[in-house]
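Here's a quick briefing on some side-chain contacts and a couple of helices. Have the viewer open while you read.

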Amino acid sequence: MTLSRLIARRAIEGIATLAVIAVLLFGGVELIPGDPARTILGQSVTEEAVRNLRVALRLDQPVHERFLSWVEAAAQGDLGTSILNGRPVAPDFAWRAKNTLFLAGYAAAMSIPISIMLGLLAALYRDRLLDRAISLGSLATISFPEFFVGYVLLTVFALNLGWFPVLSSVTPEMGLAERLSRCFLPAVTLSCLIGAYVLRITRAAIISILSRPYIEMAELKGASRTAIVLRHALVNAVGPIANVVALALAYMVVGIVVTEVVFTYPGLGQWMVDSVAKHDMNVILVCGLAFGATYVGLNVLADIAAALASPRLRHPR
């Protein structure tokens, strides 16, 4: 299979997966307990007022008709309006998506280079004290859920030491330095989520390559261990490392929802959780599809990176 065909096939599979996600997401929204109209009006209202609002929101129509209408409008760029405040979803979505991407990029820039470097050191000093310390630390980091790490960081560095604000709230006019300071603790939380995973896979990939015959030949020629790792092993491990980085970033989509809620960060995750509690259907659908598209897209990139690194995947016999 040629690379172009592989990319086309993965793209088609990704679109099909997104279609399934949209159906499941819409069905899941319908199963949320409670009536959106009654949630908006409150409990002490007449049934007639509730019926009128349900008609205005088109909640009286069959589920499949509302789903098709929503898909048609979304395909034309209309993300609908918020049920709670009547404002268009698109402007708020753009601002919150920008915040989420900033936090994810901050965490990735903080964790991935350090994780790859520590993975190289662990492979370079395999079975020594440094390797054991790095492996133990990464294993401990993986074992803690992100909400636990977040609350510990908040307690120590925000409440007790006062180095960072308790609430990681940001505004559009905020400067970069202040934004970086406010986003530091949630970025560290996300870094712990993906950094340990990237570290362990990097170590495993380097160690696997170090057992190849050409590495033994380089050792017989007198090359130093450091030169072998940097000039030979790392170059050949770029494919697997790129693959695992893409998968780790996809996994971060799950963790960022929890992290934004813990730190009250104004991103898509926080917005989506608040909207679920308030039955704001259009916001839930838009946020859910955004997370689904990010996850699927990064997995497709991971598949392509794996194919580029291994010709056997592109040309199977």
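Predicted model: local features only at pLDDT ≥ 70, side-chain atom pairs only at ≥ 80, totals over all residues.

Buried here means under 20% relative accessible area and exposed over 50%, with partly exposed in between (1.4 Å probe, protein chains only). Residues are numbered from 1 along each chain as its sequence is written, and side-chain values use heavy atoms, with hydrogens and water left out.

**Cysteines**
- Cys287 is buried as well, with a relative accessible area of 0%.
- The disulfide count is zero, a disulfide being a pair of cysteine sulfur atoms within 2.5 Å.

**Aromatic rings**
- Searching the whole structure turns up five aromatic pairs; rings of Phe, Tyr and Trp (its six-membered ring) pair if their centres lie within 6.5 Å, and planes under 30 degrees apart count as stacked, over 60 as edge-to-face and the rest as tilted.
- Phe26 and Phe67 have ring centres 5.2 Å apart and planes at 70°, so this pair is edge-to-face.
- Phe26 sits in helix α1 (residues 3–30) and Phe67 in helix α4 (residues 63–75), so the pair ties together parts that are 41 residues apart in sequence.
- Helices are DSSP runs (H or I, at least four residues), numbered from the N terminus.
- Phe26 counts as buried at 6% relative accessibility, and Phe67 does too at 17%.
- Arg179 lies over the face of Phe102, 5.3 Å from the ring centre; the rule asks for NZ of Lys or CZ of Arg within 6 Å of the ring centre and within 35 degrees of the ring normal.

**Helix α4**
- The 13 residues of α4 reach 18 Å from first C-alpha to last, close to the 18 Å expected at 1.5 Å a residue (1.5 Å times one less than the number of residues).
- Arg66, Phe67 and Trp70 are buried in α4.
- These three cover an arc of only 100° around the axis, which puts them on the same side of α4; the arc is that of the directions from the helix axis to the C-beta atoms.
- His64, Leu68, Glu72 and Ala75 are exposed on the other side of α4.
- Gly77, with a positive phi near 90°, follows α4.

**Helix α7**
- α7 bends by about 30° at Leu154, the bend being the angle between axes fitted to the seven residues ending there and the seven starting there.
- Leu154 is among the buried residues of α7, along with Glu146 and Val149.

Definitions and conventions: Helix = DSSP H or I, 4+ residues; strand = E, 2+ residues; numbered from the N terminus.
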